Amino acid sequence: MTYKRSKSWRLLTLLALAALMSGCSSLVQYNINAPLETYKPDYGYSIDSVNIEPGASKMFVVVMFSGGGARSAALGYGVLEELARNKFVQDGKKKRLFDEVDLVYGVSGGSILAAYYGLHGEGVLKNFNDRFLNLDFQDKIVSRIISFSNQWRLTSPRFGRSDLLEEQLDEVLFNKATFDDLVNKRKGPFVIISATDMSSGGRFDFIQESFDFLCSDLSKFPIARAVAASSAVPLVFSPVTLWNYAGSCNFTVPDAVQAAASNKAKTRSAASSRARTEELFSYLDRSKRPYIHLLDGGLSDNLSIRSILDMEALIGSDKVSKDFRLTEMNKLVVIVVNAQNDPEHTIDQSPDVPGFRDVIRAIGDIPIARYTQESERAMQASIERWQEMAKAKAKARNSPEPSVYYVNIALKNIVDADERETLLNVPTSLYLPKKTIRELRSAATTLMQNSSEFRRLLKDISAERSD
C-alpha cells in the first residue's frame with residue numbers, strides 16, 4: 001500500500017512539474033528586434049553612415065569569410081595572422097596589411113570571426129584563438145541544450161536552440177554588445193553578417209539598409225543574435241525570428257533600388273537585380289510577412305560574394321564606388337577565404353537508409369557546393385568589369401589606373417595531396433582538436449604565400465616603397 005501511495009505521489013509530482021513547466025514556457029521569449037521610430041537614410045549601422053574609406057595608403061581591402069563552423073574560423077584566423085605579419089612603409093611609418101582591411105563579410109562559422117574582428121580589431125589576434133578556437137564551444141552548447149534548467153525554456157514556442165547559441169556567444173565572445181557598439185565602439189573593419197531568409201531562400205544582411213524594409217532598428221540588435229542567425233544550421237539549431245514593422249516608420253524605397261526593380265533589360269545583371277528587389281519588397285507587405293525567419297547564411301551564399309555582387313546590381317557600380325570611396329584608392333584587394341570542405345561520401349556504398357547525420361550533411365552541402373562555384377565565377381566576372389571600369393575612369397581623369405587583386409584562399413587549392421585530403425575531410429562543427437586548428441592556420445599561411453595575386457600585391461607594395 002505504501003509503495004502504491006509512493007508511486008502515485010511521484011506521478012502527481014511529475015504531472016505538477018510538467019504543468020508548471022508548460023505554464024512557465026509561455027513567459028519565455030527570444031530577443032525581439034526593436035521597431036524604428038522614423039526612417040533616416042543615413043541612420044545607424046549602415047553603409048551610408050559609417051566611414052569606409054581607403055585611408056592614407058589608398059588601398060581598399062575586402063575580406064570574405066565563408067561558412068564552415070570552426071574550420072572556417074580557423075582558416076580565416078590564419079589569413080588574418082598572415083596579413084598581420086606582412087608590413088609595408090607608408091609616409092615613413094611601418095604598417096601592417098591587417099590594419100588596412102576596410103570591409104569584412106561573414107556567414108555561418110565565418111560570421112563568428114568576422115563579428116569579433118569588427119568589434120575588437122587588434123583584439124582578434126590576441127584573444128580569438130583562446131576564447132573560441134581552443135575552446136570546446138560545441139560541448140558548451142550541447143551542455144546548455146541538455147541542461148535541465150533549460151528544458152522548460154525550450155518548451156516555449158518563442159524560444160529555441162539558436163537562442164541558447166546566442167547566449168553562449170554572448171558569454172564567450174560578445175558580452176551583450178549590439179550593433180550600436182559597432183557604430184560607436186568599433187575597433188576593426190566594417191562587418192556585414194548574412195543569414196538566409198527561410199521563406200524566400202534569399203540572403204538577409206545585418207545592416208540598417210535591410211532593417212529599413214522592416215522598419216526595425218538594428219542598432220539595438222545583439223551582435224550575438226545576428227551571428228546565431230547566420231550559424232543556424234537547419235535541424236541542428238532553430239531559426240531566428242525577426243518581427244516585421246513595415247509601414248510604421250515612413251520608409252521610402254531608395255531611388256536606386258526602385259530603378260533596379262523596374263529595369264527590364266534582359267542582361268544577367270538586370271535579372272539578378274529584379275530577383276533581389278523582389279525579395280526585399282516582400283518585406284513591405286506586413287500582412288503577408290509579419291515575421292521573418294532566418295537560417296544559416298551559407299545556404300544562400302557560402303562565400304559572402306553574393307552580398308557585394310547584389311549591392312553592385314541593386315545600386316549600381318557608381319554608387320558602390322561612391323559609398324566605399326573607391327575613386328580615392330589605387331589598390332582594390334579582395335580576399336575570399338573559402339573553407340568549404342569535400343568529405344568522402346560513403347552512403348552510395350551501402351543499401352542502408354542514410355542516417356540523420358548524413359541527411360543534415362546533404363541539406364547543407366548540396367546547395368552550398370552548387371552555389372559556391374557559381375558565385376566564384378560571378379565574382380571573377382565582376383573583378384574583370386571593375387578593372388575595365390577603373391581603367392576607363394583613370395583614362396578620363398588622366399591618372400594612373402588602380403590595380404585590382406583577387407586573392408582566393410581555398411582548401412581545395414592546397415598543393416600537398418595528403419594535406420589537402422586531410423583538411424577537406426575536416427567536419428563542419430563548432431569544435432575541432434587543437435592539432436586540426438594549428439593545421440588550418442598553417443594551411444592559411446601557405447595558401448597566402450603561394451597565391452600569385454597576393455605575391456603580386458606584396459611586390460607592388462615593395463616597389464612603391466623603393467620609389
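Q: Is Asn-175 buried or exposed?
A: This is a predicted model, where local features need pLDDT of at least 70, side-chain atom pairs count only at pLDDT 80 or more, and totals for chains, interfaces and linings use all residues. Residues are numbered from 1 along each chain as its sequence is written, and side-chain values use heavy atoms, with hydrogens and water left out. Buried means under 20% relative accessible area, exposed over 50%, and partly exposed in between (1.4 Å probe, protein chains only). Asn-175 has a relative accessible area of 66%, so it counts as exposed.

Q: Where does Asn-175 lie?
A: Helices (H or I, at least four residues) and strands (E, at least two) are DSSP runs, numbered from the N terminus. Asn-175 sits in the loop between helix 7 (161–174) and helix 8 (179–184).

Q: What is phi of Asn-175?
A: Most residues other than glycine have a negative phi. Asn-175 isn't a glycine, yet its phi is positive, near 50°.

Q: Is Cys-215 buried or exposed?
A: Cys-215 is in a loop too, the one between helix 9 (208–213) and helix 10 (223–230). Its phi is positive, about 50°, although it is not a glycine. With 1% relative accessibility, Cys-215 counts as buried.

Q: How many residues of helix 2 are buried?
A: Helix 2 has 17 residues and spans 25 Å from first C-alpha to last, close to the 24 Å expected at 1.5 Å a residue. That expected span is 1.5 Å times one less than the number of residues. Helix 2 is largely enclosed by the rest of the structure, because its buried residues number 16 of the 17.

Q: Is helix 2 roughly parallel or antiparallel to helix 4?
A: Helix 2 (residues 69–85) and helix 4 (residues 123–133) pack at about 160°, with axes 11 Å apart. Axes are lines fitted to C-alpha atoms, for helices over the stretch in contact, and angles run from 0 to 180 degrees between N-to-C directions. Under 35 degrees is roughly parallel, over 145 roughly antiparallel, 65 to 115 roughly perpendicular and the rest oblique. So helix 2 is roughly antiparallel to helix 4.

Q: How many residues in the contact of helix 2 with helix 4 are nonpolar?
A: Contact means heavy atoms within 4.5 Å. Among the residues that meet are Tyr-77 and Leu-80 in helix 2, and Phe-128 and Phe-132 in helix 4. Ala, Val, Leu, Ile, Met, Phe, Trp, Tyr, Cys and Pro count as nonpolar, Asp, Glu, Lys and Arg as charged, and the others, Gly among them, as polar. The contact has 1 charged residue, 1 polar and, for nonpolar, 11.
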